[in-house]
Amino acid sequence: MGTAAEERNKTSVLDAFDTLADRRDFLAAQWFWSHDYIRHSAHIPPGRDGLFNLVKASPPDRRYENALTVADGDYVMLHGRLPTTGPHAA
């Protein structure tokens, strides 16, 4: 288990994903993601708008499934997925 600050940071990041991906409260999610947010993905346009638009375009029943949360000081890393409801790839 990490420090108390690391545990708070992990809780905050998970709350951010719940707010955006699960509750789809885009106004509240703006508090978690700054205008300067950097998205490191070849498949999602950069910035907060890229992430928010991905969620807006996804099926309404899609939920973020977190598998791992790691904190080191002020850094938090999540490993999870936004699964689709359609057929799985072969």
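Is Arg 23 buried, partly exposed or exposed? Arg 23 is partly exposed, with a relative accessible area of 48%; buried means under 20%, exposed over 50% and partly exposed in between (1.4 Å probe, protein chains only).

## Model and conventions

This is a predicted model, in which local features need pLDDT of at least 70 and side-chain atom pairs count only at pLDDT 80 or more, while totals for chains, interfaces and linings use all residues. Residues are numbered from 1 along each chain as its sequence is written, and side-chain values use heavy atoms, with hydrogens and water left out.

## Overall layout

The protein chain has three helices and two strands, in the order α-α-α-β-β from the N terminus. Helices (H or I, at least four residues) and strands (E, at least two) are DSSP runs, numbered from the N terminus. The C-alpha trace spans about 40 × 30 × 25 Å along its principal axes.

Of the 90 residues in the protein chain, 24% are buried. The accessible surface comes to about 6,500 Å², and 56% of that belongs to carbon and sulfur atoms; areas come from the Shrake-Rupley method with a 1.4 Å probe, and for residues only the protein chains shown count as cover.

## Nonpolar core

The largest nonpolar core has eight residues: Ala 16, Leu 20, Phe 26, Ala 29, Trp 33, Leu 51, Phe 52 and Val 55. Such a core is a set of buried Ala, Val, Leu, Ile, Met, Phe, Trp, Tyr and Cys residues joined through side-chain atoms within 4.5 Å. Helices H1 (4-22), H2 (26-29) and H3 (47-57) each give two or more residues to this core, and H3 has the largest share, with three.

The buried residues of H3 include Gly 47, Arg 48 and Gly 50. Those buried residues pack against H1 and H2. Beyond its neighbours within four places in sequence, Leu 51 is in contact (heavy atoms within 4.5 Å) with residues including Leu 20, Trp 33 and Tyr 37.

## Salt bridges

There are four salt bridges, each a side-chain nitrogen of Lys or Arg within 4 Å of a carboxyl oxygen of Asp or Glu. Lys 10 pairs with Glu 7, the closest N and O atoms being 3.2 Å apart. Because these two residues are three apart in helix H1, about one helical turn separates them. Lys 10 is buried at 18% relative accessible area, whereas Glu 7 is partly exposed at 22%.

Glu 65 pairs with Arg 81, with closest N and O atoms 3.1 Å apart. Glu 65 lies in strand E1 and Arg 81 in strand E2 (residues 75-81), so the pair ties together parts 16 residues apart in sequence.
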